[in-house]
Amino acid sequence: MGAFAFPDAPTVVRAYLQAALDVRGVSVPVRTRVPNPRPDRLIRVERLGGTRLDRITDRPRLSFEVWAPSQDEAADLAELARALVHAIPGWRGAVAYDVVDVGGPTNSPDPASGSERATFAVEVSLRGRPLAP
């Protein structure tokens with residue numbers, strides 16, 4: 001039984017979500033950090049924890065923060081992002097094979113700026129890759 005390494009979940013999901021939004025013509029940056037200055041529309045993906053389920057499966061918990069100019073726009077963008085994240089198991093080359101909601105979507109204005117923001121969280125099962133002996 002060898003050792004297994006896991007991909008960086010926020011990086012994998014960020015790349016997938018950005019590509020999925022781009023294909024739909026939705027122009028919004030998806031990042032793992034909030035840039036300064038923060039654009040009016042932004043989706044941030046962050047790992048909040050999670051556990052390794054077994055030798056080959058990591059189950060990270062990911063938080064999504066979705067900023068937009070209005071509460072309705074933030075809610076709509078969060079719902080779209082959530083739907084797309086749930087479709088990641090079908091993405092070509094995906095190491096993700098299961099997505100489960102663990103929170104949200106919720107209206108959650110940004111406490112630092114007062115900007116409109118929605119949040120949600122999921123757990124994604126990721127396959128590891130064996131390390132060379």
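Because the model is predicted, local features are taken only where pLDDT is at least 70 and side-chain atom pairs only at pLDDT 80 or more, whereas totals for chains, interfaces and linings use all residues. Residues are numbered from 1 along each chain as its sequence is written, and side-chain values rest on heavy atoms, with hydrogens and water left out.

The confidence score, pLDDT, is the predictor's confidence in each residue on a scale from 0 to 100. Its mean over the protein is 93, and 95% of the residues reach 70 or more. Helices (DSSP runs of H or I, at least four residues) and strands (runs of E, at least two) are numbered from the N terminus. Confidence is highest in strand β2 (residues 30–31), at a mean of 98, and lowest in strand β7 (residues 129–130), at 89.

Two packed helices are described by the angle between their axes and the distance between the axes. Here helix α1 (residues 9–23) packs on helix α2 (residues 71–86) at an angle of about 115°, with the axes 10 Å apart; the axes are lines fitted to C-alpha atoms, for helices over the stretch in contact, and angles run from 0 to 180 degrees between N-to-C directions. That angle makes α1 roughly perpendicular to α2, a label covering 65 to 115 degrees, where under 35 is roughly parallel, over 145 roughly antiparallel and the rest oblique. The crossing of α1 past α2 is right-handed, meaning that the near helix is turned clockwise from the far one by less than a right angle. Where the helices meet, V13, Y16, L17, A20 and L21 of α1 face L80, A81, L84 and V85 of α2, contact being heavy atoms within 4.5 Å.

A search of the whole structure finds nine salt bridges, each defined as a side-chain nitrogen of Lys or Arg within 4 Å of a carboxyl oxygen of Asp or Glu. R44 takes part in a salt bridge with E65, the closest N and O atoms being 3.0 Å apart. Because E65 lies in strand β4 (residues 57–67) and R44 in strand β3 (residues 42–54), this pair ties together parts that are 21 residues apart in sequence. R44 also meets E46 in a salt bridge, at 3.4 Å from N to O. R44 is buried at a relative accessible area of 19%, whereas E46, at 28%, is partly exposed; buried means under 20%, exposed over 50% and partly exposed in between, with a 1.4 Å probe and protein chains only.

Another salt bridge joins E123 to R61, with the closest N and O atoms 2.7 Å apart. This pair links distant parts of the chain, since E123 is in strand β6 (residues 117–127) and R61 in strand β4, 62 residues apart. E123 is buried at 17% relative accessible area, while R61 is partly exposed at 34%. Elsewhere, salt bridges that share partners join R44, E46, E65 and R117 into one network.

Two further residues complete the walk. S63, in strand β4, is buried at 13% relative accessibility, and beyond residues up to four places away in sequence it touches R44, V45, E46, L48, F120 and A121. R127, in strand β6, is partly exposed at 43%. Leaving aside neighbours within four places in sequence, R127 is in contact with F6, P7, I56, V95 and Y97; its C-alpha atom is separated by 8.2 Å from that of P7, 120 residues apart along the chain.
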